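Try each task before reading its solution.

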Amino acid sequence: MRGTRRTRLCLAWVMAASALIATPAAGAAERTDGHLTDLVNPFIGSQDEGNTFPGAAVPFGMVQLSPDTGHNTGYDYTQSRIRGFSLVHLSGVGCRIGGDLPVLPTTGDVTQTDDAKYAAAFAHGDETASPGYYRVGLASGIRAELTASARTGVQRYTFPATAKADVLLNAAQSLHKASGSKVEILDDHTVRTEITGHGFCRDTGPYTVHTITRFSRPFTAYGTWDGATVTAGSRSGRGGAYVRFDTTRDRTVEATTALSYVDAAGAAGNLRAEGGRSFDTVRRAARGQWEARLARVRVRGGTGTLRRTFYSSLYRSYLAPNVGGDADGRYLGWDRRVHHAYGFTYYQNWSLWDTYRTQAQLLALLAPREARDMARSVVAVDEDGGWLPKWGYGPVETNVMSGDPVTPFLTTAYQMGLLKGFEERAYRALRKNADGVPPAANPGIGREANAEYIKDGFAPFDKDRPLAKMGDSDYHHGASVTLEYALADAMLAQMARGLGYDADAARYAARSRNYRTIFDPSTGFFRARDASGAFTGSPDPALGTGFHEGTAWQYQWLVPQDLTGMIGLIGGKRAANDRLDSFFAYDRLLADPARTAREVWVHGDAYAYYNAAVYNPMNEPDLIAPYTYLATGQPWKTTDVVHAALTLFTDGPTGMTGNDDLGTMSAWNVLSSIGLFPIQPGYDTWGLSTPVFDRVDLALDRRYWPSGGLTVTAPGTSAADRYVQGVRADGSAHGRTYLTTRALRSLRSLAFTVGPRPSGWGTAAQAAPPVLK
């Protein structure tokens, strides 16, 4: 009866989902020809709080030159006025940040200094974007075009014929809280600004960005403003500046703006290093960089929509972290002193609570040289500023989010072979972070609840505890923090063992079992405990307290280091599968996957984190959860759930699940589409599920991946034929539901055979992912 019922439900799933992820018939659109950049839609996620930006950037560029419409993170597709084109954006963050130096072309006399009042109307019908390029026609008759290099943004404005073609440079207004600004007209081609700001989800310490803008031809007039007072002919001001051109004959003006977080000399140096080229030259170079990045993954099969969605996600995965150092190697450290990056590029902007789960692994796979420099940069944060970061923006700590995300981020780099030459330095920083808390003078909170966690085995939940420093508090999220600390301990134990620190490894491995301390046998779920050790909050796991941006239902699977132990706590595999089926609304999912994903899983807007007993594909806490079935003997259900979740990614402005969080959700899409997912973030275990493409060719860097490339095939994969019947690794049968990084290093081919019904593949006990000890 059970098998018969499963078959009926599978057939219903096929009928509902075939149009969503179906592969076309053989010979139809099997190859991705032409320019891969043409498949990218930068507007994806620009509506419904995806918080992406459509403007111009190069991979990991310091500058992300993009329009701002009035939304707190920059651009909202539903809005129809542009306040300016500003230099700094972070893709998919949920809080106000960046937006430095919005620039807007206008005509006529300058009478307004508030960008909300002088904003220019536009329509999407006269707007286009592709990787490294953005263009829009403004209602004023001006056409604006944007492109970028790593440290510069280049603008081209085509004006109507007029003697009063103006460009407004607004130093005082931005997306963050500007606490000070200065603007200077240096000569008849050049404007310099200094902008000091602070803020994110909460106030941070101040930081300063320096810019210098060089125009392609001399101004005919200029002026500055302070507040609402505009002074023609003034060379300096606190608010902003305008420069004027005569476009009665030559209607085009180009401008290159260089950015530095170090000083004005750094901005000038970046302009010398990367400026001096025409708009079209910079645009071609940016497109070439993106083409090369995207070409590291070639897919065959799938619908046009599926390919566009995939490559758009791959594009967003490369937008951050961002170059933080100048062309001369100088960067501003977290001690507010200038340092020099010798032998590596310094990066910044660390959304670690998000990216440690997916994007860190994807970059280690496809961009290992850059990922190595990113890891070195995180270690430099500790060495310069005294402690590892939690959520870093530019040269400051925000302390946003909770737990210990930097540990699995760096241990991922270790397991992927990216720390060679500085493993010991990284380990010293990680051990200090794992065993203590930052001193009071340090702006970071690190593992804020570490003393209690080490002593009692759990982080206490205290919702009324005053903030010790800016940002979030681990005490406000004691239950989820306990799980996050335990996960980090497990991953650090593996690194310690690999480096020969056996006593440390045993200590951290023992602490990795601390997740058990917050398991409440009376409810069968994890639950917050107060300082006395008593369970607290509602016993209903959908309503309990102490979980950061989630519920006990969503956090119950965040034990990747010991799924066997966690499954034992809730009663064994049958009980775990029943709970997973309930969590994913599995029966409804089989009957109508897309509708279940959109109407059952997604139960509100991007910020609806609480009061739910189902999977939340719009946020990070349960990103790994679909792969739990690999450990419960029902791996086919992982494919069912993953493929249903993939339907939430589409190729329009609303095609993003929640905030992208610097590429986290995009990387989830890319990895899950390939069928290779990091199920133990911070370690070297990759879970397997059915790819959505017939073939995926990964071009890999031989210095880190000796094979030089991996081909993943799944001929005929579709909604009807989505179940793994068998897997062959370099021609040999592979019965496990996972691969290790070590195996991947030399692997050249991973071949999936698929069919219409679940098989026995991956169901044996020894096929499950390992327990970390």
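Rings of Phe, Tyr and Trp (its six-membered ring) count as a pair if their centres lie within 6.5 Å; planes under 30 degrees apart make the pair stacked, over 60 edge-to-face, and the rest tilted. This is a predicted model, where local features need pLDDT of at least 70 and side-chain atom pairs count only at pLDDT 80 or more, while totals for chains, interfaces and linings use all residues. Residues are numbered from 1 along each chain as its sequence is written, and side-chain values use heavy atoms, with hydrogens and water left out.

**Exercise 1. Aromatic pairs**

Find out how many aromatic pairs the whole structure holds, and describe the pair formed by Phe 200 and Trp 391.

Step 1: a search of the whole structure turns up 38 aromatic pairs.

Step 2: Phe 200 and Trp 391 make a tilted pair, at 4.5 Å centre to centre with 45° between the planes.

Step 3: Phe 200 is in the loop between β11 (190-198) and β12 (207-215) and Trp 391 in strand β24 (residues 391-393), so the pair ties together parts 191 residues apart in sequence. Helices (H or I, at least four residues) and strands (E, at least two) are DSSP runs, numbered from the N terminus.

Step 4: check burial, where buried means under 20% relative accessible area, exposed over 50%, and partly exposed in between (1.4 Å probe, protein chains only). Phe 200 counts as buried at 10%, and Trp 391 is buried at 3%.

**Exercise 2. The core**

Which residues have the most contacts inside the largest nonpolar core?

Step 1: such a core is a set of buried Ala, Val, Leu, Ile, Met, Phe, Trp, Tyr and Cys residues joined through side-chain atoms within 4.5 Å.

Step 2: the largest one has 209 residues, and Phe 85, Phe 215, Trp 601 and Leu 750 have the most contacts inside it. Helix α12 (residues 478-498) supplies the largest share, eight residues.

Step 3: Trp 601 is also part of an aromatic cluster, whose members include Trp 553, Trp 557 and Tyr 615.

**Exercise 3. A sheet around β24**

In what order do the strands of the open sheet with β24 run, and which ones stand at the edges?

Step 1: the order is β23-β24-β25, with antiparallel pairing; strands pair if DSSP finds at least two bridges between them.

Step 2: β23 (350-351) and β25 (396-397) are at the edges with a single partner strand each, so one side of each has no neighbour in the sheet.

Step 3: β24 and β25 pair over two bridges, and Tyr 393 stands opposite Val 396 in β25.
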